[in-house]
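Let's take a walk through a protein chain together. Have a look at the sequence and the model first, and then we can go through some details.

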Amino acid sequence: PSGEQHREDVFEDSGEDQPPRLLVSLNSVTALKQLCEHEHARHDKVVEILTTCRAAYYKELRWLRDQLHEAYRTDEETTLRKSRLTPDDFEVYWYEPEHYLDEVTREFLLLCIRETNRKLIDENTRLRDVIEQRNILEVPVAKT
C-alpha cells in the first residue's frame, strides 16, 4: 500500500517442467498444515465414535434376535431357560443413542422422552380410574 518495493526469494523445483503457478508464504503453508492436522484429528474421533456406535448397535440387535429365537423353543426348553433367568438378563443396553448425539439433538431427544413419559403416566392414571370405576380388580373373598 505504501508503494515500497520488497524483495522476495522464490525457490523453484528444477525437476518440474512448469514454473510454480501460485506463490504463498511459509506462514500460509504452516497454517494450512495445522488446519489439516486438526481436521484429521476430528476425522479420527468421528470414525472412532461411529465404530463404537455401530458395535453397540449390532451387539444389541444380535441380543434381540437371540430373544426371538428363544421365543420359538419348546415348552420344556423354555421352562428350563426361564428357571435360570435373572432381572439382569433383560436389562441390556449396549446401544445408547444419546452418547452419539450433539448437545442440541441430545436435549431434543430428552425432551421427547420426557413428553412420552408424561403421556404414559397420564394413560396409566386414566386406566387406573377405569379399573377403579368398573371394579375390575375386586375379587370376592371366599367365606371360610
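Which residues are linked in a network of salt bridges? The members are E115, R118 and D122. A salt bridge here is a side-chain nitrogen of Lys or Arg within 4 Å of a carboxyl oxygen of Asp or Glu.

Before going on, a word on the model: it is predicted, so local features need pLDDT of at least 70 and side-chain atom pairs count only at pLDDT 80 or more, while totals for chains, interfaces and linings use all residues. Residues are numbered from 1 along each chain as its sequence is written, and side-chain values use heavy atoms, with hydrogens and water left out.

**The overall picture**

The protein chain has three helices and zero strands; helices (H or I, at least four residues) and strands (E, at least two) are DSSP runs, numbered from the N terminus. With a radius of gyration of 33 Å, well over the 15 Å that the globule rule gives for 144 residues, the chain is more spread out than a compact globule. That radius is taken over C-alpha atoms, and the globule rule is 2.2 Å times the number of residues to the power 0.38. Along its principal axes, the C-alpha trace spans about 115 × 45 × 20 Å.

Buried means under 20% relative accessible area, exposed over 50%, and partly exposed in between (1.4 Å probe, protein chains only).

**Pairs in helix α1**

Side chains of opposite charge can pair when their charged atoms come close. The structure holds six salt bridges, including these:

| K33 and E37 | 2.6 Å | four residues |

E39 is partly exposed at 35% relative accessible area, and R42 is partly exposed at 48%. R62 is partly exposed too, at 41%, as is D66 at 34%.

**A buried charge**

Is E60 buried or exposed? E60, in helix α1 (residues 26-71), is buried yet has no salt bridge. The nearest side chain of opposite charge, K59, is 9.5 Å away. Not counting residues up to four places away in sequence, E60 touches V92, Y93, W94 and Y95, where contact means heavy atoms within 4.5 Å.

**Out in the open**

Q133 lies in helix α3 (residues 103-134) and counts as exposed at 66% relative accessibility. Its C-alpha atom is separated by 78 Å from that of S28, 105 residues apart along the chain.

How values were computed. Lys, Arg positive; Asp, Glu negative; His and termini not counted.
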